[in-house]
Amino acid sequence: MTTLLLLRHGETTWNEQNRMQGWAPVGLTERGHEQARRAGELIAAEYDPDRLVSSDLLRARETTAGVRAAVDVEPTFDPAWRERGLGDLQGLTVEALFGGFPEYSLKRSGAAALTARPPNGESVLDVRERVLAAWETLLEGGGTVLVVTHGGPIAAVLGAVRGQDAVTGLLDNWADNGTLTEIAVESEPRVVRTVDPGASR
Amino acid sequence: MTTLLLLRHAESEWNRAGRMQGWAPVGLTDRGREQAAAAGERIAEEYDVDGLVASDLLRTEATVEHAAPEGVEPAFQPAWRERDVGVYQGLAYDEVEDRFPEFGLGEAAARAADRVPDSGESLVKLRERVLAAWDAICRDAGSTETVLVVTHGGPIRVVLGHVRGQEMERALVETSLDNCGLVELSVDTGSDTPATDTEIVRENVPLA
């Protein structure tokens with residue numbers, strides 16, 4: 001059986017400030033490092049990953065380093081698992097971005113926001129396509145795979161696994177920092193559970 | 001002689017917060033709006049502006065909105081934008097100076113002028129596009145006209161370095177420029193070499 005584990009990176013300074021990160025090289029807070037370490041302990045206790053794939057952005061790399069304190073698997077860093085590239089909108093607060101530019105808000109603009117591409121950035125659909133292509137490749141590989149990635153990619157995968165439309169999938173499946181989602185694949189993938197390793201103590 | 005006025009935009013929210021702006025759509029602070037209005041009044045008193053060219057980023061657009069002389073239609077041009085700092089956009093100056101000094105605002109960045117930040121542009125590229133826009137103004141402006149350019153710290157330093165015949169590395173580091181600081185150049189636009197036939201009349205005059 002194939003098991004896929006999706007881990008969202010630990011808390012960063014910009015998560016704390018509600019600032020939209022995109023591809024910015026922002027590091028983890030103390031709390032974020034702790035979340036990564038605890039996720040690693042939980043994964044080591046309950047799973048036996050064959051492979052570890054991580055986004056190559058700094059916050060994912062730092063999370064992967066924390067996980068590897070307990071999980072002894074050599075990581076592969078893959079830009080396909082990056083968060084959405086926000087281009088010129090990177091660094092704005094959530095409020096400034098969606099308040100000032102509601103055309104990017106799925107809540108306010110619905111399906112029209114899926115294709116809204118910030119200057120020099122990616123649309124939500126661009127990211128969904130890039131992530132689901134990487135996801136399909138992982139499914140073909142089999143085994144137990146840990147993926148360290150971001151909120152957007154995790155929501156894209158979970159929405160697709162749950163058969164939701166793109167807007168609902170992205171809005172309903174936002175993972176907190178440091179939470180782990182297990183997906184089991186037999187004939188079809190299904191979501192087994194989402195767990196917050198920090199809260200489980 | 002043609003008079004070229006280079007005005008840096010007024011204080012933005014990220015100037016105040018100390019964040020790398022690049023092409024981010026960040027607006028002015030209340031203080032910035034006051035600076036822009038005051039700069040507009042001074043410019044109207046001291047000059048008779050015939051043409052207005054500005055960067056099309058939000059902070060320069062907002063500065064133009066408050067500072068533009070009456071009856072002069074602004075032409076917004078991407079060539080007058082600040083450097084695109086790519087993935088470093090939004091980081092604090094201090095953090096970039098600490099962790100990625102080659103893409104910051106100091107000497108290390110000036111020395112690394114050919115380095116391209118991920119998803120951004122090098123200082124060399126910035127210089128090329130700004131000087132192409134500068135050449136176009138020198139070519140098109142009448143010999144008695146006054147043209148106001150509302151832009152950013154990077155492009156103004158590039159132009160000053162160019163007319164001083166200075167290496168960009170030095171021009172970037174040695175020129176200080178405040179929000180709404182004004183540079184006045186007197187250019188012989190009829191000359192084959194307008195850059196060397198340019199006098200820097202005033203530099204970083206605080207207009208607000």
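In the predicted model, helix α2 (residues 30-46) of chain B and helix α3 (residues 58-67) of chain B cross at roughly 50 degrees, and their axes come within 7 Å. An angle of that size makes α2(B) oblique to α3(B). The crossing in which α2(B) passes α3(B) is right-handed. On the side of α2(B), the contact is made by B:Arg33, B:Ala36, B:Ala37, B:Ala39, B:Gly40 and B:Ile43, and on the side of α3(B) by B:Thr63, B:His66 and B:Ala67. Sorted by class, the contact of α2(B) with α3(B) has 5 nonpolar, 3 polar and 1 charged residues.

A pair of helices in chain A can be described in the same terms. Helix α2 (residues 30-46) of chain A packs with helix α3 (residues 58-67) of chain A at an angle of about 45 degrees, and the two axes are 7 Å apart. That angle makes α2(A) oblique to α3(A). The crossing of α2(A) and α3(A) is right-handed. The residues of α2(A) that take part are A:His33, A:Ala36, A:Arg37, A:Ala39, A:Gly40 and A:Ile43; in α3(A) they meet A:Glu62, A:Thr63, A:Gly66 and A:Val67. By class, this contact of α2(A) with α3(A) has 4 nonpolar, 4 polar and 2 charged residues.

Helix α2 of chain B also holds B:Gln35. With 26 C-beta neighbours inside 10 Å, where 20 or more are required, B:Gln35 counts as buried. Apart from residues up to four places away in sequence, B:Gln35 touches B:Ala10, B:Glu11, B:Asn179, B:Cys180 and B:Ala208. B:Val130, which is 95 residues from B:Gln35 in sequence, is 25 Å from B:Gln35 in space, C-alpha to C-alpha.

A further buried position is found in a loop of chain B. B:Gly90 is placed in the loop between β3 (74-76) and α4 (93-99) of chain B. Within 10 Å of B:Gly90 there are 27 other C-beta atoms, so B:Gly90 is buried. When its neighbours within four places in sequence are left aside, B:Gly90 is in contact with residues of chain A, namely A:Arg19, A:Ala24, A:Gln90 and A:Gly91, and with B:Arg19, B:Met20 and B:Ala24 of chain B. B:Gly22 lies 68 residues from B:Gly90 along the chain, and the C-alpha atoms of B:Gly90 and B:Gly22 are separated by 8.2 Å.

Between the two chains, 9 residues of chain A are in contact with 10 residues of chain B. The side of chain A that touches chain B has, by class, 4 nonpolar, 3 polar and 2 charged residues. B:Gly90, with its contacts to A:Arg19, A:Ala24, A:Gln90 and A:Gly91, is one of the residues of chain B in contact with chain A.

The overall make-up of each chain was also computed. Chain A has 8 helices and 6 strands. Read from the N terminus, the elements of chain A follow the order β-α-α-β-α-β-α-α-α-β-α-α-β-β. The radius of gyration of chain A is 16 Å, close to the 17 Å given by the globule rule for 201 residues, so chain A is as compact as a globular protein of that length. The C-alpha trace of chain A spans about 45 × 40 × 30 Å along its principal axes. Of the 201 residues of chain A, 46% count as buried. Among the contacts in chain A with a separation of 6 or more, 67% are accounted for by residues 24 or more positions apart.

Chain B likewise has 8 helices and 6 strands. From the N terminus on, its elements run β-α-α-β-α-β-α-α-α-β-α-α-β-β. For 208 residues, a compact globule would have a radius of gyration near 17 Å, and the 16 Å of chain B agrees with this. Along its principal axes, the C-alpha trace of chain B extends over about 50 × 40 × 25 Å. Buried residues make up 48% of the 208 residues of chain B. Of the contacts in chain B between residues at least 6 apart in sequence, 69% join residues at least 24 apart.

Methods: Residues numbered from 1 in each chain as written. Chains lettered and ligands numbered in written order. Predicted model: local features only at pLDDT ≥ 70, side-chain atom pairs only at ≥ 80, totals over all residues. Contact = placed C-beta atoms within 7 Å. Nonpolar A, V, L, I, M, F, W, Y, C, P; charged D, E, K, R; others polar. Helix = DSSP H or I, 4+ residues; strand = E, 2+ residues; numbered from the N terminus. Rg over C-alpha atoms; globule rule 2.2 N^0.38 Å. Buried ≥ 20, exposed ≤ 12 C-beta atoms within 10 Å, placed from the backbone. Axes fitted to C-alpha atoms, helices over the stretch in contact; angles between N-to-C directions. Parallel < 35°, antiparallel > 145°, perpendicular 65-115°, else oblique. Left-handed = near helix turned anticlockwise from the far one by under 90°.
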